[in-house]
Amino acid sequence: MELQFLGTGAGLPAKFRNTQSFVFNFMQELKECWMFDCGEATQHQILKTNIRPTKISKIFISHLHADHILGLIGFLSSRSFLLDNKNSDITIYGPVGIKEFVEENLKFTYCSLTYSIKYVEFSTEQCIIDNKTVEVHTYPLKHNVKCYGYKIVFKTQKGSLNAEKLKKLGIMPGPFYKIIKNEDSFEFDGILYNSRDFLAEDKPRKEIVIIPDTKYFLELESFVKDSDIIISECTYLSKKDSKLASNYFHLSILDIEKLVSKSKVKRLFLTHISARYDKKDELEACNSLSTNIEVHIAHDLAEYKL
């Protein structure tokens, strides 16, 4: 599970910060990559990484502001050229209006894709993905347009099989391994075994919360309280700018401080940073938060193992 930021700036591109986008590499867990928002020039940023656009099968859009979606049509078009006529459909999740935005822009730019797009639009808090491995929930935020946060929940998973231990019993790799992993017990050569004795420790539940553009509001605390990882906008890194943040429907470092104090978060990534702040401001912002939390001010192209 890896995270790479492609754009970490607020509003408009700056010399060292592109507009908003980041990608999760879930190849080990889900055999796919997920993109969150797609600001202008996102596909140019991808060229500087090892990210393969063809592996991105889901795109989650938080809202329809330009700095979060202007790179989407270019990315979809270029992805089509990279597929070598192989079918690799994509799903775009976003607030009501995202389908119209994409379809109209594809039409007016005469862009024909070699794959299909499935749209999942929403206008309220809801679960948009639920399978045996992961859930994804939307959460309405308070911005000056309809904007949604996301919560990704990786469910508790059984540990991997100890193949060497099974081989010592004479059980070779094959379909029987799946039965052993899925059942509480199994029988071999007339002996009943506890499947748990042949499994590594369970992979614990992990909750990742994504907070795009929003002003602070009290209910946000309940949204993040059980999260292990928070990726949040923090347009205003200075506490003295907290009123300005609220006026413009954004978060300040003071708001972040209130949020994390009520959660069990272990790792915090701050993005959507105003160009007015320098490295000294970033350091001061990090130092103002709890020392029990691993805090990162995200920069373009930064990679993290989760």
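**Strand E5 and its surroundings**

Strand E4 (residues 56–60) is joined to strand E5 by 3 bridges, and the two run parallel; strands are DSSP runs of E with at least two residues, helices are runs of H or I with at least four, both numbered from the N terminus, and two strands pair if DSSP finds at least two bridges between them. The model is a predicted one, in which local features need pLDDT of at least 70 and side-chain atom pairs count only at pLDDT 80 or more, whereas totals for chains, interfaces and linings use all residues. Residues are numbered from 1 along each chain as its sequence is written, and side-chain values use heavy atoms, with hydrogens and water left out.

Within E5, Tyr93 stands opposite Phe60. E5 is also joined to strand E6 (residues 117–122) by 6 bridges, again in a parallel arrangement, and Ile90 has Ile117 in E6 as its bridge partner. Strand E5 (residues 90–95) is mostly covered, with 6 of its 6 residues buried, that is, under 20% relative accessible area with a 1.4 Å probe and protein chains only.

Together with helix H5 (residues 98–108), E5 and E6 make a right-handed β-α-β unit, meaning that, with the strands pointing away from the viewer, the path from the first strand over the helix to the second runs clockwise.

Helix H5 also meets helix H4 (residues 72–81), where Leu72, Ile73 and Leu76 in H4 are in contact with Ile98, Phe101, Val102, Asn105 and Leu106 in H5, contact being heavy atoms within 4.5 Å.

Technical notes. Buried < 20%, exposed > 50% of the residue type's maximum accessible area, 1.4 Å probe, protein only.
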